[in-house]
Amino acid sequence: MRPLSTLTRYLPILSWARLYDRDTFGADMLAAVIVTIMLIPQSLAYALLAGLPPEVGLYASILPLVAYAIFGTSRVLAVGPVAVVSLMTAAVVGNLDLPTVEAYIAAAVALAFVSGLILTVMGILRLGFLANFLSHPVIAGFITASGILIAFSQLKHIFGISAHGHSLPDLLISLASHLPEANLITLTLGALTLGFLFWTRKGLKPLLLRIGLTPTLAEIATKAGPVAAVAATTLAVWGLDLHLQGVAIVGTVPTGLPPIGLPAFTPDLWSQLFMSALLISVIGFVESVSVAQTLAAKTRQRIDPNQELIGLGASNIASAVSGGYPVTGGFARSVVNFDAGAKTPAAGAFTAIGIAGAALFLTPLLFFLPKATLAATIIVAVLSLVDLSILRHAWGYSKVDFAAVATTIALTLGLGVEVGVSAGVLLSIALHLYKSSRPHVAEVGLVPDTQHFRNVLRHKVQTAPHLVTLRIDESLFFANARFLEDYVYDRVVCDEPLSDVVLMCSAVNEIDLSALESIEAINTRLAEMGIRLHLSEVKGPVMDRLRCSHFLDALSGEVYLAQYDAWTALAPVR
């Protein structure tokens with residue numbers, strides 16, 4: 001039984017496949033049809049964003065979905081190319097200054113493979129908890145800034161001009177300098193496509209419901225909006241020969257399934273890509289797990305972050321061996337998958353079959369597809385990522401968090417996505433260390449007619465002039481031990497005739513060796529001043545550790561089970 005349980009943990013497909021039935025199959029197939037319709041134009045567009053040929057987007061949407069269906073724990077997460085990871089791929093590979101398109105594709109494939117290896121190793125080592133060190137507001141700020149960068153980077157295709165840059169200032173300068181070269185036909189085509197796509201998001205479904213379509217059909221038609229835009233603009237270019245009037249088109253897209261094979265092992269290239277692959281892995285994992293946990297909560301399902309690392313790692317390795325680039329779980333298509341009624345990860349595998357069919361039979365129809373249409377698809381998709389309200393919320397709640405979010409947004413926009421994501425990671429860690437190094441310590445007193453103790457600055461409480469009780473609201477370790485020492489020393493240096501200090505440890509879950517040495521120093525220093533040190537409400541595991549040391553023998557005071565016991569024993573004037 002135990003080997004089967006272990007196998008199921010690493011192969012989640014075994015937990016749901018044995019219960020698969022006809023009703024589940026029908027629900028998964030319907031969801032797959034809707035997601036496939038949505039994913040085809042998105043895959044082409046995100047490949048364009050990553051600086052890759054459009055067929056690479058299709059390749060990255062086939063085997064990764066199958067791999068996640070086998071190894072992933074979310075029933076509805078839809079894996080594939082996403083905007084932020086595509087932008088990061090363009091920034092990373094673009095900075096390598098590779099001489100040919102083939103070398104560029106090979107670097108993107110290698111990036112996916114290295115990212116997959118990193119994620120898989122992290123999953124095997126059960127390092128999913130590391131994502132908890134990334135501040136959510138900081139990540140939200142990075143994604144918002146990335147969305148703005150992506151939208152501006154696609155304006156060159158809307159105007160039909162050439163523009164370059166990995167930061168907002170560079171993009172704006174480049175766009176402004178080439179604006180006189182704008183192609184009016186391309187601009188008209190791009191603007192009409194943008195308007196149509198924005199309308200389909202907000203206005204098409206209510207219209208279809210009013211004319212009598214069922215909610216399911218209305219939903220499918222709404223998600224098919226980008227496909228309709230692709231078809232209409234492709235026909236327009238073909239029928240009116242707009243490509244002869246300066247409208248940039250996709251051109252020849254190879255027909256067939258992706259080539260299967262391991263990427264070439266080039267030590268120099270892989271070492272150059274490693275840190276960037278690590279950042280892409282972390283950002284992709286955080287984004288993916290956030291989506292998976294949000295959707296799982298609605299159906300009371302459980303997501304295993306460590307197994308998700310393995311699932312995403314397998315998906316990226318599968319993308320690499322099939323000629324794709326880095327992938328992760330996408331918010332928009334996962335929500336669509338959920339709303340469409342997907343019951344198991346098999347919906348993703350069925351979607352992969354649909355994308356494979358498109359790669360086999362539909363690619364010749366994409367020759368006249370205008371790049372402006374793909375750019376419009378990207379802009380409409382990424383603007384949903386932009387949430388500047390995070391600045392207002394952070395300002396109202398915490399000025400420190402606001403500074404971190406604003407800094408991440410400013411650096412991402414001003415210096416590019418690589419600097420922005422690096423700054424976001426470093427700021428998250430710095431915030432954690434800063435807050436942990438300054439634990440909240442409150443001087444407390446007895447609430448009259450109760451046995452409760454509260455902050456003397458917030459409540460009317462009873463205190464004794466010779467007794468100070470300090471409640472420590474965090475575990476004590478090497479980073480904050482010195483802060484506690486300084487706080488205690490500052491408090492006891494006063495005109496009051498103090499005789500006792502109590503450290504109330506109700507919120508202390510751990511005391512490491514550095515913190516123990518600090519408490520020993522406090523005990524010695526207070527004893528030299530004629531003041532006894534006491535502890536109260538020490539938790540069992542902490543007390544077990546203290547008993548293994550000589551501290552309790554040297555303690556000048558007592559250890560009290562409850563703070564009220566300490567008050568009763570020490571508050572009366574002796």
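## Helix 3 and helix 17

Helix 3 (22-49) passes helix 17 in a right-handed crossing; a crossing is right-handed if the near helix is turned clockwise from the far one by less than a right angle, and left-handed if anticlockwise. Helices (H or I, at least four residues) and strands (E, at least two) are DSSP runs, numbered from the N terminus. The structure is a predicted model, in which local features need pLDDT of at least 70 and side-chain atom pairs count only at pLDDT 80 or more, while totals for chains, interfaces and linings use all residues. Residues are numbered from 1 along each chain as its sequence is written, and side-chain values use heavy atoms, with hydrogens and water left out.

Two packed helices are described by the angle between their axes and the distance between the axes. For helix 3 and helix 17 (residues 346-361), the angle is about 45° and the axes are 8 Å apart; axes are lines fitted to C-alpha atoms, for helices over the stretch in contact, and angles run from 0 to 180 degrees between N-to-C directions. Helix 3 is therefore oblique to helix 17, given that angles under 35 degrees count as roughly parallel, over 145 as roughly antiparallel, 65 to 115 as roughly perpendicular and the rest as oblique. Helix 3 contributes Phe25, Asp28, Met29, Ala31, Ala32, Val35, Thr36, Leu39 and Ile40 to the contact, and helix 17 contributes Ala346, Ala347, Phe350, Thr351, Gly354, Ile355 and Ala358, where contact means heavy atoms within 4.5 Å. By class, the contact of helix 3 with helix 17 comprises 12 nonpolar, three polar and one charged residues. Ala, Val, Leu, Ile, Met, Phe, Trp, Tyr, Cys and Pro count as nonpolar, Asp, Glu, Lys and Arg as charged, and the others, Gly among them, as polar.

## The chain as a whole

The protein chain contains 26 helices and eight strands. Its C-alpha atoms fill a box of roughly 100 × 65 × 60 Å, taken along the principal axes. Of the 574 residues, 52% count as buried; buried means under 20% relative accessible area, exposed over 50%, and partly exposed in between (1.4 Å probe, protein chains only). Among contacts between residues at least 6 apart in sequence, 80% join residues at least 24 apart.

## Helix 7 and helix 15

The axes of helix 7 (residues 101-124) and helix 15 (residues 305-321) come within 7 Å and cross at roughly 160°. Helix 7 and helix 15 are therefore roughly antiparallel to each other, and their crossing is left-handed. On the side of helix 7, the contact includes Val109, Ala112, Phe113 and Ser115; on the side of helix 15, it includes Asn306, Leu309, Ile310 and Leu312. By class, this contact of helix 7 with helix 15 has 14 nonpolar, seven polar and no charged residues.

## Aromatic pairs

A search of the whole structure finds 10 aromatic pairs. One of them is formed by Phe196 and Trp199, which are 6.3 Å apart centre to centre, with 40° between the planes, a tilted arrangement. Rings of Phe, Tyr and Trp (its six-membered ring) pair if their centres lie within 6.5 Å; planes under 30 degrees apart count as stacked, over 60 as edge-to-face and the rest as tilted. Phe196 and Trp199 both lie in helix 11 (residues 184-210), three residues apart, about one turn of the helix. Phe196 is partly exposed at 32% relative accessible area, and Trp199 is partly exposed at 40%.

The rings of Phe265 and Trp270 have centres 4.9 Å apart and planes at 85°, so this pair is edge-to-face. Phe265 is exposed, with a relative accessible area of 59%, whereas Trp270 counts as buried at 14%. Ring pairs link Phe113, Phe265 and Trp270 into a cluster.

## Buried positions

In helix 12 (residues 215-223), Ala218, Glu219, Ile220 and Thr222 are buried. Their cover includes helix 3, helix 11 and helix 13 (225-240).

Gly57 lies in helix 4 (residues 54-59) and is buried, with a relative accessible area of 0%. Beyond its neighbours within four places in sequence, Gly57 is in contact with Ser43, Ala47, Pro81 and Tyr325. Gly57 and Leu39 are 18 residues apart in sequence and 9.6 Å apart in space, C-alpha to C-alpha.

Asn523, in helix 23 (residues 513-528), is buried at 5% relative accessible area. Leaving aside neighbours within four places in sequence, Asn523 is in contact with Leu533, Phe551, Ala554, Leu555 and Ser556. The C-alpha atoms of Asn523 and Ala340, 183 residues apart along the chain, are separated by 64 Å.
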